Amino acid sequence: MSVMKLSASVLALAVAATGAHAQARNQVQVAGSSTVLPYSTIVAEAFGENFDFPTPVIQSGGSSAGLQQFCQGIGENTPDIANSSRLIRDSEIETCAANGVTDIMAVQIGYDGIVFASDVNGNEFAFTPADWYKALAAQVVVDGALVANPYTTWNEVNPDLPNQPILAFIPGTKHGTREVFGEKVMAAGCEESGALEALTALSDEDTAEEQCGAIRTDGKSVDIDGDYTETLARIQSDKNGIGVFGLSFYENNTNTLRVATMSGVVPSTESIASGEYPVSRPLQFYVKKAHIGVIPGLKEFVEFFVSDDMAGPNGPLAAYGLVSDPELAATQAAVAAEETM
Amino acid sequence: MSDISSHRERGSLLVADARTKRRNAAEARFRAYGMIAIGVAMAALVTLLVSIFGNGSSAFRQTFVTVPIALPAETLDPSGSRDPAEMAKVTTIGYGNVLKAGVVAAVREAGVAPEGIADNDISGILSQEAPAQLRSMVLANPELIGTTVETRLLAHGRIDGFFKGRVTMQSAERDSNVTPERLQLATAMRDAGMMSSGFNWGFVTMPDASDQRPEAAGLGVAILGSLYMMAVVLCLSVPIGVAASIYLEEFAPKNRWTDVIEVNISNLAAVPSIVFGILGLAMFINFAHLPQSAPIVGGLVLTLMTVPTIIISTRAALKAVPPSIRDAALGIGASRMQTVFHHVLPLAMPGILTGTIIGLAQALGETAPLLLIGMVAFVRDYPGGLFDPSSALPVQVYNWTQRSDPAFVERASGAIIVLLVFLICMNAIAIILRRRFERRW
C-alpha cells in the first residue's frame with residue numbers, strides 16, 4: 001500500500017504547510033502602472049543592493065488594477081504601494097476607505113513626457129495639438145456644418161505637414177496615457193483650432209466637449225491595447241504610422257524612431273521640466289501608512305525612491321527618461337513626516 | 001446461386017479499369033493532401049524555431065570587460081575595520097566611482113583610448129550592474145581591499161549589442177545611451193584583449209534586472225520559481241488524480257452520479273486557464289490568506305488545472321489493462337484492492353506517468369492564471385521556499401517582451417529557448433517511459 005501511504009502523507013504535508021504559514025512578509029510589495037514600472041524596478045534594484053532589506057517585489061497590471069488591489073484592505077497579502085500614472089479617483093478613495101485603507105500617502109516622483117514618433121527614415125513632422133484634433137476627431141466642423149472627418153492625409157489637415165496618409169497608433173482606453181492624450185492633445189487641439197466654439201454654436205457646451213474627445217473609427221486611428229513595443233512593431237510594419245510613446249521608450253529606441261515636435265518644441269527631459277513641451281503628466285505612487293513599521297523597509301524604500309540619488313536631476317531615473325520634479329525637496333519632507341492625503 | 005463475377009465485365013488484372021484508376025487517383029490525392037498538411041505544419045514550426053533561435057541564441061553569449069581595478073582602502077573601508085557590516089555602508093555609488101577611476105586608468109594606460117575621448121565615455125562601456133558585482137565581490141572577501149584586482153565585469157548592453165550586430169556606428173549617433181567613440185574604444189579594447197565574449201552562465205543563474213541593465217538580466221529566479229511550482233503540482237495532482245481515477249474506474253458504481261462527475265471532469269479539462277487564476281485569487285489569496293506572488297499559490301492553481309488532465313489519462317491507462325488480469329487475480333482469491341494495487345496499477349503505470357508528464361509540461365508553459373495571483377512581477381531575490389515571492393519562466397518571457405530596451409528582445413527569445421529545452425526534456429522522458437515500460441495486449 002505504499003502508494004496510498006505516500007499520497008496520504010504528501011497531502012497531509014501540503015495541508016500542514018498551508019496551515020503553518022504564519023511568518024510575516026519581509027519584503028515590500030508594489031503593484032500598478034506599467035509606465036511607472038521601469039522606474040520602480042530601477043529603484044528596487046538599487047535598494048536591494050545597498051540596503052539590508054530584501055528587494056521589493058513589483059507587479060504591473062496598469063494603474064487601475066493596481067489601485068484596486070491596493071484598496072482591497074490592510075494586511076500582508078495586499079500591496080503596500082500602488083504605482084499610478086494618473087491621480088487616484090474619488091471613487092477609489094471611497095473604496096479604499098470602505099475597506100479600512102484610510103491613511104494614504106501620495107508621493108509624486110516626477111513627470112513623464114508623451115511623444116509622437118514615426119519611422120526613423122520617414123518624413124519629419126512638426127505638430128500642434130490642433131493638427132491631431134483635426135486628423136483624429138470623429139466629426140469636424142466644415143463650413144458651419146458637422147461632417148464625418150474627411151481628411152485622409154496630413155497635408156489636408158495642415159498644408160505645412162508632409163503629404164502622408166493619416167495613420168495613428170494611440171494607446172487603448174485601458175491605459176492611463178490615453179486619458180492624458182485626450183486631455184492634453186485632443187481637447188487642447190479642439191479649443192485651439194476654434195472647433196470647440198463652432199461645436200458649441202451648433203449644440204450646447206457639454207455635447208461639444210464630448211464631440212471634441214471622440215476619435216474617428218474608420219481605421220485611420222488604431223487603439224493599441226498592448227505596450228509600446230507593440231506600437232513600435234506596428235510602425236515598423238507600416239511606415240506611414242505615427243505612434244504615441246512615453247519619452248523614456250523613445251529615448252531607448254532612437255535608432256528606429258524619429259520624434260515629432262509639438263507646438264515647435266522638441267520633447268526632452270529639459271523641455272518637459274521647463275513646461276515648454278505641452279504633453280506631460282505627473283507620475284506618482286500611493287503608500288499605505290498603516291503598513292509603515294509593519295512591513296520592514298517600507299519607509300526606507302519610499303525615502304530612497306524620492307532621494308536626490310534616485311529621483312534627482314542627475315539620478316538614474318532621470319537618465320532613463322523621468323523628468324525630475326522641481327518640488328522634490330517638498331516631497332522628501334512630506335515623506336519624512338509621513339503626511340497623508 | 002448465380003455467379004456474381006459473371007455480371008461484371010472481365011478485364012485484365014494488368015490493365016486498370018476506369019473505376020480502379022479513379023480509386024487510385026483518389027488515394028494519390030489524399031496522400032498529397034496529407035503531405036501538404038504536414039508541410040504546412042512543418043513550415044510553421046521551422047519559421048517559429050528559426051525566428052526564436054535567430055533572435056535568442058545570442059542571449060547565451062555576453063561581452064565582458066577584464067580590467068585591473070585598484071580598491072582604495074580609504075573610500076571602501078573608511079573605518080579600517082575590514083568588518084563587512086561596516087563596509088556595507090559604502091553604497092554602489094561609492095563603488096561606481098572606484099570602478100570609474102579604475103577603468104579610466106586601465107584604458108589610458110593600455111593606450112587603447114581613441115584621441116580625446118572623455119572619461120564618461122570610457123566608464124560608459126561598463127554595465128550599471130558592474131558596481132554591484134564589485135561590491136559583492138569585495139564584501140565577500142574584505143582582504144581584497146588595498147590591492148589591485150584583475151576583475152571581469154559585464155560590459156554595457158549597447159557595447160554587447162555592437163558586437164552582436166544590433167548596434168551600429170550610425171545608430172549610435174542617434175542613441176542617447178551610447179556614442180560612436182565608445183564603440184571605437186570597444187573595438188580597440190577587444191583587439192587589445194581587454195574585452196571578450198564568453199558563454200553567458202549569468203543568463204540562467206542571475207535574477208531579473210531593471211530596464212537599465214538588460215545585460216545583467218537572467219532567468220535564475222524564474223527557473224527556481226517554475227521548479228517550485230512543478231514540485232507542488234507533482235506532489236498534489238498525482239495522488240489526487242490517481243486516487244480519483246482508480247476509484248471511478250475500479251470501485252465506483254456506474255450510475256447517474258458518476259456520469260455527472262465524468263462529464264464535469266471532461267469539462268474542467270477544457271476550461272480556459274484564466275478561470276483557474278480567478279478561482280485561485282478568490283480561494284487561496286483572498287480566503288485562505290496565502291501570500292501574493294508565491295510559488296505555493298501558483299502551484300495550487302496549476303494543480304487545479306492539471307488534475308482533470310491526469311484523471312483522464314489515468315482512466316484511459318486503467319481501461320487499457322485487460323479484464324482478464326483482474327479476473328485472474330480475483331479468481332485466485334485476491335481482494336479488489338489487492339487486485340488493483342498489485343496487478344492493475346503497475347501495468348497502468350507507464351500510461352499514468354506519460355499523462356502526468358504531459359500535464360506538467362502544460363502547466364509549465366502556463367501564464368494566464370499566474371497573471372491574477374501576482375506572479376507577473378519583478379523579483380530579484382531568489383525564493384528560499386514555497387512562500388517567498390518568485391516569478392516563472394513563461395512570465396519572464398512575457399515581462400521581457402514589454403521592456404523598452406531592444407536588448408530585451410534577445411533575452412525574451414533566449415528565455416523561450418530555455419523553456420523549450422525544459423519542455424523537450426519532459427516530453428522525451430514521457431516517450432522513453434512509454435517505449436520502455438508500456439505493455440500491449
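**View 1. Salt bridge between A:Glu49 and B:Arg380 in a predicted model**. The side chains of A:Glu49 and B:Arg380 form a salt bridge, 3.8 Å from N to O; the term requires a side-chain nitrogen of Lys or Arg within 4 Å of a carboxyl oxygen of Asp or Glu. Between chain B and chain A the count is four salt bridges. The model is predicted, with local features needing pLDDT of at least 70 and side-chain atom pairs counted only at pLDDT 80 or more, while totals for chains, interfaces and linings use all residues. Side-chain values use heavy atoms, without hydrogens or water, residues are numbered from 1 along each chain as its sequence is written, and chains are lettered from A and ligands numbered from 1 in the order written.

**View 2. Strand pairing between the chains**. Strand E2 (residues 57-59) of chain A pairs with E4(B) in the antiparallel sense over two bridges. Strands here are DSSP runs (E, at least two residues), helices are runs of H or I (at least four), and both are numbered from the N terminus; pairing needs at least two DSSP bridges. Opposite A:Ile58 stands B:Phe378 of E4(B).

**View 3. Area buried between chain B and chain A**. About 4,000 Å² is buried between the two chains, and carbon and sulfur atoms give 52% of this area. Buried area is the accessible area (1.4 Å probe) that two parts lose on being put together, summed over both. B:Gln212, B:Gln292 and B:Phe378 supply 15% of what chain B buries against chain A, more than any other three residues. In contact (heavy atoms within 4.5 Å) are 49 residues of chain B and 43 residues of chain A.
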